[in-house]
Amino acid sequence: MSSIIDTIKTSSHTISGITDTVAAHTEHKENIFVELLHHTQDSPYLEVPFGHINLPHFPPVNIFGIEIDFSITKHVFFLWVSAIIVLFIAVAAARKNTKSKIPKGIGNFIEVFVVFIRDEIVIPNMGKEGVRYMPYLLTTFFFILIMNLTGLVPYGSTSTSNVSVTAALAIIAFVMIQSSAIRQQGIGHYLAHLTGGVHWILWPIMIPIEVLGLFTKPFALCIRLFANMTGGHIVIVSLIGLIFIFKTIWVAPIPIAFAVGINILELFVALLQAYIFTMLTSLFMGLGMQVSSSKENSH
Amino acid sequence: MKLEDLNSLAKAYREAMPYLAIGVQMAAMVIIMFLVGKWADEKFSTQPWLMIAGIIFGISAGFYHFFKFVTAESKKSNTSSKNEN
Amino acid sequence: MLDINPGLIIWTIVTFLILMFLLTKLAWKPLLSALEKREEHIRSSIDRAEKAARDAEHQAAENKKHIANAEVKASKLLKEGHELGEKLKAEIVEKAHHHARHMVESAKLEIEREKEAALLKLRSEVADLAIIAAKKIIGETLDVEKHRKVVDSYLDELPKN
């Protein structure tokens, strides 16, 4: 059994975290997938090469009748790791670019993304006005990107494969979409837009429909990111699981080759999902902002 | 990948994304209203009426937003294509 | 899998807001302003370069015009110089001719004068000789003064040459 694990470990670094979990449960074949799926979920400990590190646990706090558990979990930990990585990279890039006239290395690399987000996402969707919201969208893009990527590192975990994390990002997106619309149109126009421009008798039907529309946009953002990031992991985990189902090392190369391929695909998916989240957030912000400006443009 | 390729890919996504997103939003509306209805049913013990009402409302809201989006989008693409000409 | 953990939501929002605050202050603003500055710099550089190119073109045209002008002028000057030279040459030659003629003329006059003087001397010599000869022939009877007058009057009757 250990020889199998050793082979896998040397074949693919990215799955070494999974194999530890798997090794303990190979006897219960029917439970393998359930156990494998646990790997993508939150846990109160960190997986390290020699076992587990328990993270601090706090007693739940009761706020407004809701039990809130502020314990540091694996996903909170990787949330912070990602935040620190983003901060480090972005500050290094900013230092480099302000120092020299010609951007090089990390400064140039980050600037390519910044220019891309500005010229291909913000300005086409929101116009020149949107440049004001650049810091928010840049933070969203880089934070989600790095969170997506941390799961591809051995023993790492993807915080965005947790629906709570993506829900929180969607809540922030919701606030930004509404506040940018109110800022651009004024509160009166914003509320008038919610009635859908129909007769006031229909308002009791119309307003819930429009309000539901406001909520589903970020909700879809949340579910899309969560599903994509979880889905990729489930595919990798399932492929590795095949080895233990067949209980032979001879099938190992095929799932591992697939897993490595999927991992490369995951790199692309991580980038793509960060892009899509940023793109759609700016699109929704632009839709809210252009209700008034598009009328001006049409004349 | 060249930057131009990336930009054209971004342009394709930018144009296709609203249409892809509206489908997900339609589904999301039904799911949200289903969950709200189910929650309300449990709270007021009126199973299964509020859930059914929620689903119907979700579906109709989904269609409303879908048509609103498609008409707005086709109008937008018409004016932009006119502007190009 | 779909369990919502409010604590994690709050942690995410707090982390995100702190990160956004720090990044805006430390990274995005400097990055965007550096980017804008550079873009502005590039735009102005291009403008400047275009202007310089236009100026250079203008200057080149001007230079061409100047050169053409100078060429015309030079050829005119050359022509003028040539003409002046010709004129001077002609004048000098004319002067030389004139001078030569003058010299010849004065030489002729001189010769004439010399000839006259020589004739005059010859004449007086001849008169003296004639008197001497007549004296010798007639024998010293004649008054020298009287005879002289006779001979002179005779000589006057003679043609000048």
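## Chain A

Read from the N terminus, the elements of chain A follow the order α-α-α-β-β-β-β-α-α-α-α-α-α-α. That makes 10 helices and four strands, where helices (H or I, at least four residues) and strands (E, at least two) are DSSP runs, numbered from the N terminus. The model is predicted: local features need pLDDT of at least 70 and side-chain atom pairs count only at pLDDT 80 or more, while totals for chains, interfaces and linings use all residues. Residues are numbered from 1 along each chain as its sequence is written, chains are lettered from A and ligands numbered from 1 in the order in which they are written, and side-chain values use heavy atoms, with hydrogens and water left out.

Among contacts in chain A with a separation of 6 or more, 65% join residues 24 or more positions apart; a contact means heavy atoms within 4.5 Å.

## Nonpolar cores

A nonpolar core is a set of buried Ala, Val, Leu, Ile, Met, Phe, Trp, Tyr and Cys residues joined through side-chain atoms within 4.5 Å. The largest one holds 69 residues, and those touching the most other members are Val114(A), Tyr136(A), Phe143(A), Leu169(A), Tyr275(A) and Trp28(C). Elements that each supply at least two residues of this core include H5 (105-126) and H10 (253-298) of chain A, H1 (3-44) of chain B and H1 (6-139) of chain C. H10(A) gives the most, with 12 residues.

Beyond its neighbours within four places in sequence, Tyr275(A) contacts Phe116(A), Ile121(A) and Phe141(A), as well as Ala10(B), Tyr13(B) and Arg14(B). Another core, of nine residues, lies apart from the largest one; Leu239(A), Ile243(A), Phe244(A) and Ala252(A) are among its members.

## Helix H5 of chain A

H5(A) has 22 residues, which at 1.5 Å a residue should span 32 Å, and its end C-alpha atoms are 30 Å apart, which agrees. The expected span is 1.5 Å times one less than the number of residues. A kink of about 30° is centred on Arg118(A), the bend being the angle between axes fitted to the seven residues ending there and the seven starting there. After H5(A) comes Gly127(A), with a positive phi near 75°.

## Chains A and C

The contact between these chains takes 51 residues from chain A and 31 residues from chain C. About 3,700 Å² is buried between them, 80% of it from carbon and sulfur atoms; buried area is the accessible area (1.4 Å probe) that two parts lose on being put together, summed over both.

Two salt bridges are counted between chain C and chain A, each a side-chain nitrogen of Lys or Arg within 4 Å of a carboxyl oxygen of Asp or Glu. Glu111(A) and Arg38(C) form a salt bridge through their side chains (2.3 Å, N to O).

Note on methods:
Buried means under 20% relative accessible area, exposed over 50%, partly exposed in between (1.4 Å probe, protein chains only).
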